[in-house]
Amino acid sequence: MSTELLKARHVTKYFPLKGGQGEVHAVDDVSFSLQKGETLGVVGESGCGKSTLARVLLRLIEPTSGEIYIDGVDLSKLTPRKLRAKRREFQMVFQDAYASLDSRQKIGNIIAEPLIVHRIGDRRTRRQRVAKLLDMVGLEADAATRYPHEFSGGQRQRIGIARAISLEPKLVVADEPVSALDVSIQSQVLNLLVDLRNQLDLSYIFISHDLAVVEHICDTIAVMYLGEIVEMTDGETLFAAPKHPYTQALMSAIPRPDPKRRGSPRIVLQGDIPNPENPPQGCRFHTRCSDIMTRCKTQKPEQLLLEDAGKYHLVRCHLYD
Ligand code: SF4
């Protein structure tokens, strides 16, 4: 039986512009649930709000409105002390592992830091824990005595992952964890994340601009466009029959060497993602949509739950009203 780990309800984050002239609509009315042991992929172009969503969910930045529950606990109701203690349960892995590791610290200290902050163990047990964590992420024990610049990009990401799991969290939010790595290294790091999920009963929120990357790791996929979730369902359903024109365009751009898996012809999105300071009226995707209808320019589509052979399938598009 699945149990809910995280629930987001109508989460919104607007950043005020300097001088009080308007605001950036980074995340708009996002709702979803994440079950224990589940991996949710959040996909969209750069600037769609997915990284802001990750930080808001972990309350690294405050939402403008909306509610976030982890294990049924409303994070906004916690005192700063209780929130700090709760943070043990959810950790982040960042895209730029090098920037997220203190270059002056040895790897052993970097990985042990969360244990020290949360006052877990003594020097000896922390050293043992660091050795175990290094082994779990596929690095030699002597890595503990070296510095970040002595490692490759993939190894640094392994160190970032070791630090993220040091407190035995329930949830890891990985923000573009492989996008800075070579393709051959990407799959090794993805395999490591999958192994750790199975070993430690972790749940992931996996942020990526690349649908092909989330295809093999995620149970559920949410597609974001200009701060909104425009489609969400399980990975199999999404890849078999994407409904939203934006998802269809992202999907058509995935290179498929296997001719049997080649989908519809490539749909080239026109123009850039619009400025989130001033998102388009009506459907936010209408300026780039090849299926646009007259009402798309003025009427905002609601999020619809499709009757899809018993599958949970949300889509925000007038084609399905
Ligand atoms: Fe395209 Fe209209 Fe659907 Fe928006 S609502 S995705 S513009 S068809």
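The chain contains 10 helices and 12 strands. The model is predicted. Its C-alpha trace spans about 70 × 50 × 45 Å along the principal axes. The radius of gyration is 21 Å. A compact globule of 321 residues would have a value near 20 Å, so the chain agrees with that expectation.

Contacts and burial were examined next. Of the contacts between residues at least 6 apart in sequence, 64% join residues at least 24 apart. Buried residues account for 48% of the 321 residues in the chain. The accessible surface comes to about 16,100 Å². Carbon and sulfur atoms contribute 49% of that surface.

Charged side chains were then counted. The chain carries 43 positive and 40 negative side chains. The centres of the positive and negative sets lie 6 Å apart.

At the local level, helix α1 covers residues 50-57. This helix is mostly covered, with six of its eight residues buried. Arginine 59 follows α1. The phi of arginine 59 is positive, near 55°.

Conventions. Residues numbered from 1 in each chain as written. Predicted model: local features only at pLDDT ≥ 70, side-chain atom pairs only at ≥ 80, totals over all residues. Heavy atoms only, no water. Helix = DSSP H or I, 4+ residues; strand = E, 2+ residues; numbered from the N terminus. Rg over C-alpha atoms; globule rule 2.2 N^0.38 Å. Buried < 20%, exposed > 50% of the residue type's maximum accessible area, 1.4 Å probe, protein only. Contact = heavy atoms within 4.5 Å. Areas by Shrake-Rupley, 256 points an atom, 1.4 Å probe, with all protein chains shown as cover. Lys, Arg positive; Asp, Glu negative; His and termini not counted. Charge placed at Lys NZ, Arg CZ, Asp CG, Glu CD.
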